[in-house]
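This briefing concerns the domain organisation of one protein and the interface between its parts. Please consult the sequence and structure shown here alongside the points that follow.

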Amino acid sequence: MSAVELLADLRRTFRAGTTRPAGWRRAQLEALRRLLTEREDELTGALEEDLGKSRTEGFLSEVAAVRAEIDYALKHLDRWMARERIAVPGGLRPARAWAQARPLGVVLIIGPWNYPLNLVLAPLVGALAAGNAAVLKPSELAASTSRVLARLVPQYLDRDAVAVVEGGVEVSTDLLAQPFDHVFYTGGERVGKIVMKAAAEHLTPVTLELGGKSPAVVVGGNLRAAARRIAYGKFMNAAQTCVAPDYVLTTPAAAPVLADALAAAVRDFYGSDPRTSGDYGRIINEHHFDRVVGLMDGGTVVSGGRHDRADRYIEPTVLREVDPGSALMQEEIFGPLLPILEVEDLDAAIRFIAARPHPLAAYLFSDRDEHLEAFTEQVQAGGLAHNVCTIQLAVPGLPFGGVGASGTGSYHGRQSFRTFSHVQPVFSKPVGVDTLRLAYPPFGPIKRKLLRRLL
Ligand code: NAD
């Protein structure tokens with residue numbers, strides 16, 4: 001079926017009102033929840049094939065993460081759908097005003113390869129909760145997950161309202177040429193621009209969930225604990241995580257201690273040869289393997305560094321003596337290299353971050369309240385987290401999204417519902433006695449005087 005026909009079919013479903021009732025939305029969310037529970041093995045198996053992702057990590061960061069979004073949406077859906085009464089100014093009474101969320105229509109969700117299940121289905125939770133029909137376009141680079149989604153989604157969800165389209169650039173381009181009612185894209189900046197340009201043709205609103213170089217600033221507290229939390233957030237999924245700490249900024253005194261603690265944390269998590277650990281993933285493909293290995297030149301490897309192209313394996317690697325002008329510090333690493341840069345203090349770290357494009361996340365490790373205060377006041381990033389890395393995404397009530405170069409728009413929890421809704425205002429005034437007479441022309445001196453007095 002062509003993209004034109006597919007959109008026409010889904011639009012017919014939407015226009016028929018099928019997706020509007022709360023009952024349909026709930027049923028779809030519950031069906032999606034069943035899919036995740038009953039087919040967990042197939043889903044985590046596909047993730048393992050695509051990314052060498054351990055079944056437990058696949059369950060935690062993809063299956064359970066989407067399920068948490070579903071549960072949150074089911075719990076709050078009635079409140080989100082309810083009319084919000086708006087106060088009417090005295091001069092316009094008697095009247096009623098309210099705002100009500102309406103679905104947008106048929107939305108397109110384009111996913112990336114790094115969390116190929118989560119980043120297609122979590123936006124879908126918002127789209128369904130808000131009462132939309134949807135087309136999902138998973139990443140062709142995570143081919144097994146894409147295939148499983150294409151097979152399972154029609155078995156569980158309303159086929160007249162949700163479709164999965166598999167394919168690469170050509171398919172994506174074809175879909176983007178259609179007048180969808182919203183495009184939700186997760187991926188890199190380059191394609192983000194292509195998506196926004198294509199959407200502009202139809203004045204289709206977009207959400208762009210992009211990436212960037214997310215810093216972790218370590219200026220106090222327990223360095224060993226900080227190292228473990230940074231290593232956890234960085235090296236899960238072989239560091240192919242949009243909110244993974246990209247690099248570390250710390251003081252000259254802390255840098256060597258932190259580097260040793262990071263190496264120790266890697267040993268604790270993945271053993272002395274992470275290649276043999278079932279819990280350590282692989283790079284998605286040779287292209288990205290070559291790119292990441294090439295970035296190693298930007299600094300001195302102080303731990304890790306081993307790699308094997310045939311296995312798409314790159315060891316968790318810590319670097320020091322980093323050249324800020326190198327590609328390692330110019331592009332998003334999106335692989336298991338963690339450069340440590342030295343700065344004098346927190347102020348210098350904040351200046352370093354401010355001099356670069358706004359990152360998707362920024363992390364502060366410190367036990368001083370004034371540090372947290374300064375960081376939250378002065379650092380502009382998609383999101384901030386204190387003394388943890390990446391797990392902030394597990395709080396469904398927290399909006400998630402970038403700012404500037406790291407993206408536009410956000411989702412998760414209520415924000416997902418808002419993203420896929422139009423808040424439609426309604427103003428209703430009874431006919432009968434025309435209380436608006438005062439506002440009608442002609443404006444003689446008495447009316448003018450009265451109006452000035454009233455407004
Ligand atoms: P990718 O190459 O899989 O591309 C993403 C999607 O765009 C795919 O579905 C692909 O088919 C499509 N696509 C690729 N080229 C296209 C084109 N020319 N026209 C139309 N569609 C096209 O993923 P990627 O971009 O390599 O993903 C990695 C990036 O995504 C990183 O920068 C990462 O930080 C970012 N990311 C962001 C988030 C977030 O939530 N903000 C999450 C994960 C990844």
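**Domain arrangement and interface**

The protein is divided into domain 1, which comprises 3-210 + 405-424, and domain 2, which comprises 215-401. The model is predicted. Between the C-alpha centres of domain 1 and domain 2 the separation is 30 Å. To their contact, domain 1 contributes 24 residues and domain 2 contributes 27 residues.

**Buried area**

- Domain 1 and domain 2 bury about 2,000 Å² between them, and carbon and sulfur atoms give 55% of this area.
- Of the area that domain 1 buries against domain 2, 25% is supplied by Trp113, Ser406 and His412, more than by any other three residues.

**Polar and charged interactions**

- Polar contact, by comparison, is found for 10 residue pairs across the interface of domain 1 and domain 2, with both residues at pLDDT 80 or more.

**The side of domain 1 that touches domain 2**

- Helix H3 (40-51) and helix H4 (55-81) are the elements that give two or more residues to this side of domain 1.
- H4 provides the largest share of the side of domain 1 that touches domain 2, namely four residues.
- By residue class, the side of domain 1 that touches domain 2 consists of 10 nonpolar, nine polar and five charged residues.

Key
Residues are numbered from 1 along each chain as its sequence is written. This is a predicted model: local features need pLDDT of at least 70, side-chain atom pairs count only at pLDDT 80 or more; totals for chains, interfaces and linings use all residues. Side-chain values use heavy atoms; hydrogens and water are left out. Domain bounds come from an automatic or database domain assignment. Contact means heavy atoms within 4.5 Å. Buried area is the accessible area (1.4 Å probe) that two parts lose on being put together, summed over both. A polar contact is a pair of N or O atoms within 3.5 Å; within protein, one must be able to donate a hydrogen and the other to accept it, and residues adjacent in sequence count only if both atoms are side-chain atoms. Ala, Val, Leu, Ile, Met, Phe, Trp, Tyr, Cys and Pro count as nonpolar, Asp, Glu, Lys and Arg as charged, and the others, Gly among them, as polar.
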